[in-house]
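Here are some notes to read with the model open beside you.

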Amino acid sequence: MEDQKQYFKGTVPPPVIFFVLLIFGYAANRIISLDFIFSAWAVRLLVGMPILMISGIIATTATIIMKENKTAINYNNPTTKFLTKGPFGFTRNPLYLSLLLAMCAIAVIANSLWYLIFLVIMFFVFNFGIVAREEQYLTKCFGDEYIRYKNKVRRWI
């Protein structure tokens, strides 16, 4: 049990937060529709789909790199090493960034301001509730090596 406390990063996995906020956005949009910017379906797809594809590429690449390096993908497993290649070279949080981009793409495609509101909420939860805690954990685990990485690579983009 002590080992679990050592690497415990939080209570709710980020994908669960994403899906809960996605459902809230959908429900809010069904109750009171708040249109976003783009009215034409084709324009929304032309703008939203590339964002969604970038999100998927970032998530897939980060997951493959994590599996290749045998480090924790599961939110509550210990991190065996921090990574610096692939998307980890331009963001310290590629999986969280991919969820934020996915919510942004959904907001555009659905033409709903609600999803943008929940995107902002998700960003604050990730940034201040999860990432801040994880950075403390990684600093404890990897010390100066992680601090140098942190100084070199941005938290988001």
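Where is the place of K70? K70 sits in the loop between α3 and α4, and point 2 comes back to this residue.

1. **Overall picture.** Please keep in mind that this is a predicted model. The protein chain has 5 helices and 0 strands, so the order of elements from the N terminus is simply α-α-α-α-α. Taken along the principal axes, the C-alpha atoms fill a box of roughly 50 × 30 × 25 Å. Of the 157 residues in the protein chain, 40% are buried.

2. Most residues other than glycine have a negative phi. K70 is not a glycine, yet its phi is positive, near 50°. With a relative accessibility of 69%, K70 counts as exposed. N111 is likewise not a glycine and has a positive phi of about 55°. The place of N111 is in the loop between α4 and α5. Is N111 buried or exposed? Its relative accessibility is 9%, so N111 counts as buried.

3. **Packing of α3 on α4.** Two packed helices are described by the angle between their axes and the distance between the axes. For helix α3 (residues 41-68) and helix α4 (residues 94-110), the axes come within 8 Å and cross at roughly 165°. The two helices are therefore roughly antiparallel to each other, since an angle over 145 degrees falls in that class. Their crossing is left-handed. Sorted by class, the contact of α3 with α4 has 21 nonpolar, 4 polar and 1 charged residues.

4. **Packing of α2 on α5.** Here the angle is about 155° and the axes are 9 Å apart. That makes α2 roughly antiparallel to α5. The crossing of α2 and α5 is right-handed, whereas that of α3 and α4 is left-handed.

5. How does accessibility class them? F18 is buried, with a relative accessible area of 5%. F18 and Y96 are 78 residues apart in sequence, and their C-alpha atoms are 9.4 Å apart in space.

6. **The aromatic pair F82 and Y146.** The count of aromatic pairs comes to 11. A pair of aromatic rings is described by the distance of the centres and the angle of the planes. In one of the pairs, the ring centres of F82 and Y146 are 5.4 Å apart and the planes stand at 85°, so the pair is edge-to-face. F82 lies in the loop between α3 and α4, while Y146 lies in helix α5 (residues 113-152), so the pair ties together parts that are 64 residues apart in sequence. Both F82 and Y146 are buried.

7. What separates Y146 and Y149 along helix α5? They are 3 residues apart, so about one helical turn lies between them. Y149 is buried, as is Y146. Which residues make up the aromatic cluster? F82, F142, Y146 and Y149 form one cluster.

8. **A polar contact of a buried asparagine.** N127 lies in helix α5. The relative accessible area of N127 is 7%, so this residue is buried. What does the side chain of N127 contact? It makes a polar contact with the side chain of W156, at 2.8 Å.

Conventions: Residues numbered from 1 in each chain as written. Predicted model: local features only at pLDDT ≥ 70, side-chain atom pairs only at ≥ 80, totals over all residues. Heavy atoms only, no water. Axes fitted to C-alpha atoms, helices over the stretch in contact; angles between N-to-C directions. Helix = DSSP H or I, 4+ residues; strand = E, 2+ residues; numbered from the N terminus. Parallel < 35°, antiparallel > 145°, perpendicular 65-115°, else oblique. Left-handed = near helix turned anticlockwise from the far one by under 90°. Nonpolar A, V, L, I, M, F, W, Y, C, P; charged D, E, K, R; others polar. Phe/Tyr/Trp six-rings, centres within 6.5 Å; stacked < 30°, edge-to-face > 60°. Buried < 20%, exposed > 50% of the residue type's maximum accessible area, 1.4 Å probe, protein only. Polar contact = N/O pair within 3.5 Å; in protein donor to acceptor, adjacent residues only side chain to side chain.
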